[in-house]
Amino acid sequence: MSRTIYRGVVFLGLGCLLHAAYSAAEWRQISRYADMQDMILPIDIVIQTVLSLLLTMFGVLHIAGEFKEIRATVELEGQSWENLKNRPSFYTFGHRGRVFSPLYEPPSSSKNVMEIPERFMS
């Protein structure tokens, strides 16, 4: 079957869904006027809703085409065990651990933090 037929199936299913919604709203309005608010929705409206939903889903699934399989193993097969937790985007070099290094030299305190730098003075 061609895609145009499946598009017709989708529109038919959506039309039936719209009709079922209108029928349910009309039945609810009539049941309010007749003081039958405790009654459930008639079975023909429920069946029409379910069948039109299934018809719409059938058409949409055939329009969408073939689905691709989602497998995480394809990406993970080429990586070694040591490489799995390697995330370069999380590397941080400006952290407070540098203070614990024996080669760390604290910045000179002769500089005033509140002073305006020379490059901004013109």
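Me: Is F58 buried, partly exposed or exposed, and how do I read that?

Reply: Look at the relative accessible area: under 20% is buried, over 50% is exposed, and partly exposed sits in between. This is a predicted model, and in it F58 has a relative accessible area of 40%, so F58 is partly exposed.

Me: What about Y6, buried or exposed?

Reply: Apply the cut-off again. Y6 has 10% relative accessibility, so Y6 counts as buried.

Me: How many aromatic pairs are there, then?

Reply: The idea is to check ring centres, which must lie within 6.5 Å, and then the angle between the planes, where over 60 degrees is edge-to-face. Here the count comes to 1 aromatic pair. In that pair, the ring centres of Y6 and F58 are 6.0 Å apart and the planes meet at 65 degrees, so you'd call it edge-to-face.

Me: Which parts of the chain does the pair tie together?

Reply: Y6 belongs to helix α1 and F58 to helix α2, so the pair links parts that are 52 residues apart in sequence.

Me: Let's stay with α2. How do I read its span?

Reply: Compare the distance between the end C-alphas with the value expected at 1.5 Å a residue. Helix α2 covers residues 43-64, which makes 22 residues, and its first and last C-alpha are 32 Å apart, close to the expected 32 Å.

Me: Which residues of α2 are buried?

Reply: First, the general idea: an α-helix has 3.6 residues a turn, so residues three or four places apart point the same way. In α2 the buried ones are I45, S52, T56 and G59. They span an arc of only 65 degrees around the axis, so they're on the same side of α2.

Me: What do they pack against, and what is on the face turned away?

Reply: The buried residues of α2 pack against α1, residues 3-33. On the face turned away from the buried side you'll find the exposed residues I43 and L51.

Me: What follows α2?

Reply: G65 does, and its phi is positive, near 90 degrees.

Me: Where is P117, and how far is it from A24?

Reply: P117 is in the segment after α3 (73-76). Its relative accessibility is 36%, so P117 counts as partly exposed. P117 and A24 are 93 residues apart along the chain, and their C-alpha atoms are separated by 73 Å.

Notes:
Residues numbered from 1 in each chain as written. Predicted model: local features only at pLDDT ≥ 70, side-chain atom pairs only at ≥ 80, totals over all residues. Heavy atoms only, no water. Helix = DSSP H or I, 4+ residues; strand = E, 2+ residues; numbered from the N terminus. Expected span 1.5 Å × (residues − 1). Buried < 20%, exposed > 50% of the residue type's maximum accessible area, 1.4 Å probe, protein only. Arc of directions from axis to C-beta. Contact = heavy atoms within 4.5 Å. Phe/Tyr/Trp six-rings, centres within 6.5 Å; stacked < 30°, edge-to-face > 60°.
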